[in-house]
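Please read these notes with the model open beside you. Find each residue as you go.

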Amino acid sequence: MALRERISEHTYVFRSNMYAKVNAGLIHTPEGCILIDTLPYPEETQEIRHFVQRRLRSQVKYIILTHSHADHVYGAYLFPDAEIMGHLYSRKLLTTQTKPALAKARTVNPALADVRLVYPALLMEQEAAIRLGGATLIMRHAPGHAPDVIRVYYKEEKVLFASDAMMPIPYFAHGNIQDLRRTLQELYQVAPLEDLVQGHGDVLLRGEVKSVIETYLHYLDCVEAHVDRVLAQGGGKKALLSLDVEACGIPRIALEGLATQLHQENLVALYLRKRKARQKTSEKKAAA
Ligand SMILES: [Zn+2]
């Protein structure tokens with residue numbers, strides 16, 4: 001069973017118990033519901049559907065997919081009547097990355113046998129808004145975790161859905177650390193704010209947001225400084241992976257013990273990207 005939490009009058013959060021505490025948001029209006037992401041396993045997304053139909057006696061009119069990653073989009077096919085919204089880049093990423101990943105995941109995981117990817121038809125680039133039954137949702141591009149992340153602000157109830165720009169361990173192996181830093185700094189500015197729903201893990205209250213963002217920014221700086229040091233000293237993989245996630249302020253148990261794995265993926269991705277950039281600069285110098 002996914003955990004259901006009502007965080008304000010018309011806002012619910014469903015948290016996966018089956019994978020990495022993924023959050024899906026639900027906004028209930030007299031004219032229908034808006035769902036922000038789905039849960040990784042159909043069984044848990046079905047619980048949201050039943051809740052909307054049986055308890056709220058409503059239906060999902062829109063689904064906002066905050067990015068193309070599997071754990072957030074797999075349940076969209078369960079709402080064939082909903083309009084799907086996403087970032088302009090999401091269609092390409094769904095095709096090139098999520099689709100092959102699903103084909104592979106299906107072979108080992110029978111619970112995903114029925115999943116079909118659904119592609120957003122409503123696309124945004126920098127900013128967009130949805131208005132339904134008195135609810136205004138303002139969406140903005142928030143890249144870093146992935147190129148196509150969007151965050152969603154529910155104006156009337158002052159709730160920010162930060163997607164995976166905010167998760168118990170910042171993760172940018174498929175994105176860009178600099179973009180993520182900028183996105184996190186922008187999140188400071190969102191006001192007024194009552195609650196912040198992270199892409200994974202706990203909902204943050206207004207008073208916690210600043211210090212959590214600071215922790216995440218510190219983590220990014222710590223990782224980047226280490227990668228720079230390893231590159232400058234000509235160190236290899238062993239030196240690269242010697243940095244413990246806790247040394248950068250993130251508990252090892254974060255995100256159900258996934259922290260160390262995601263941390264190491266961050267280190268490797270940043271190391272490879274920076275090494276490539278250095279090679280390019282030295283080639284340029286040699287050519288000049
Ligand atoms: Zn995620």
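1. Ground rules. This is a predicted model, where local features need pLDDT of at least 70, side-chain atom pairs count only at pLDDT 80 or more, and totals for chains, interfaces and linings use all residues. Residues are numbered from 1 along each chain as its sequence is written, and side-chain values use heavy atoms, with hydrogens and water left out.

2. Strand β6. Start at residues 83-87, which form strand β6. Helices (H or I, at least four residues) and strands (E, at least two) are DSSP runs, numbered from the N terminus. Of the 5 residues in β6, 4 are buried. Buried means under 20% relative accessible area; exposed is over 50%, and partly exposed lies in between (1.4 Å probe, protein chains only).

3. Its partners. Two strands pair if DSSP finds at least two bridges between them. Strand β5 (residues 60-64) pairs with β6 in the parallel sense, over 3 bridges. Ile64 has Met85 of β6 as its bridge partner. Strand β7 (residues 122-124) also runs parallel to β6, joined by 3 bridges. There, Gly86 is bridged to Leu123 of β7.

4. The crossover. How does the chain get from β6 to β7, and what is the handedness of the crossover? The chain passes through helix α3 (residues 90-108), and this β-α-β crossover is right-handed. That is, with the strands pointing away from the viewer, the path from the first strand over the helix to the second runs clockwise.

5. The largest core. A nonpolar core is a set of buried Ala, Val, Leu, Ile, Met, Phe, Trp, Tyr and Cys residues joined through side-chain atoms within 4.5 Å. The largest one here has 45 residues. Those with the most contacts inside it include Met166, Tyr219 and Val227. Helix α5 (206-232) is one of the elements that give two or more residues. The largest share, 12 residues, comes from α5. At least three residues come from each of domain 1 (3-208) and domain 2 (221-287); the bounds come from an automatic or database domain assignment.

6. Val227 up close. Contact means heavy atoms within 4.5 Å. Leaving out residues up to four places away in sequence, Val227 touches Leu240, Leu267, Leu270, Tyr271 and Lys274.

7. Leu217. Is this residue buried or exposed? Leu217 counts as buried because its relative accessibility is 11%. Leu217 sits in helix α5.
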